[in-house]
Amino acid sequence: MAARKAALFVIIGLAAIFALRTIATFFPGITGNLPTALSAIGLHLASTLAFLVFFVLFYRLAASQDREGLRQ
């Protein structure tokens with residue numbers, strides 16, 4: 001997966017988390033039922049995975065063999 005596509009997934013994940021938290025702020029009881037709570041958990045896990053993939057790809061790109069400063 002390219003870093004560009006991983007960055008797109010991170011942006012989508014951030015937007016989804018922001019939307020979910022905003023909705024939960026205005027409607028506090030919305031995550032009270034089980035399917036909604038499980039979908040919120042799945043959304044958070046997927047966006048966290050996207051963050052991790054992006055950071056690993058970015059580190060590999062930034063700490064490549066030709067860049068000595070970041071590999072120390």
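Ile30 comes out as partly exposed, with a relative accessible area of 36%, on a scale where buried means under 20%, exposed over 50% and partly exposed in between (1.4 Å probe, protein chains only). Ile30 sits in the loop between α1 and α2. Together with Ile23, Phe26 and Phe27, Ile30 makes a nonpolar surface patch of about 430 Å². Patches here are built from residues with over 30% relative accessible area and no salt bridge, joining nonpolar side chains (Val, Leu, Ile, Met, Phe, Trp, Tyr) within 5 Å and like charges within 9 Å; a salt bridge is a side-chain nitrogen of Lys or Arg within 4 Å of a carboxyl oxygen of Asp or Glu. Areas come from the Shrake-Rupley method with a 1.4 Å probe, and for residues only the protein chains shown count as cover.

All of this rests on a predicted model, in which local features need pLDDT of at least 70 and side-chain atom pairs count only at pLDDT 80 or more, while totals for chains, interfaces and linings use all residues. Residues are numbered from 1 along each chain as its sequence is written, and side-chain values use heavy atoms, with hydrogens and water left out.

As for the overall fold, the chain has two helices and zero strands, taken as DSSP runs numbered from the N terminus (helices H or I, at least four residues; strands E, at least two). Of its 72 residues, 14% count as buried. The chain exposes about 5700 Å², and carbon and sulfur atoms supply 72% of that. Among contacts (heavy atoms within 4.5 Å) with a separation of 6 or more, 61% come from residues 24 or more positions apart.

Leu8, in helix α1 (residues 3-26), is 42 residues from Ala50 in sequence but 9.2 Å from it in space. Leu8 counts as partly exposed because its relative accessibility is 47%, and Thr48 counts as partly exposed at 40%.

Then there are the aromatics. A search of the whole structure turns up two aromatic pairs. In one of them, Phe54 and Phe58 are stacked, at 6.0 Å centre to centre and 25 degrees between the planes. Rings of Phe, Tyr and Trp (its six-membered ring) pair if their centres lie within 6.5 Å, and planes under 30 degrees apart count as stacked, over 60 as edge-to-face and the rest as tilted. Both residues lie in helix α2 (residues 34-62), four residues or about one turn apart. Phe54, Phe55 and Phe58 form one aromatic cluster, and Phe58 is partly exposed at 46% relative accessibility.
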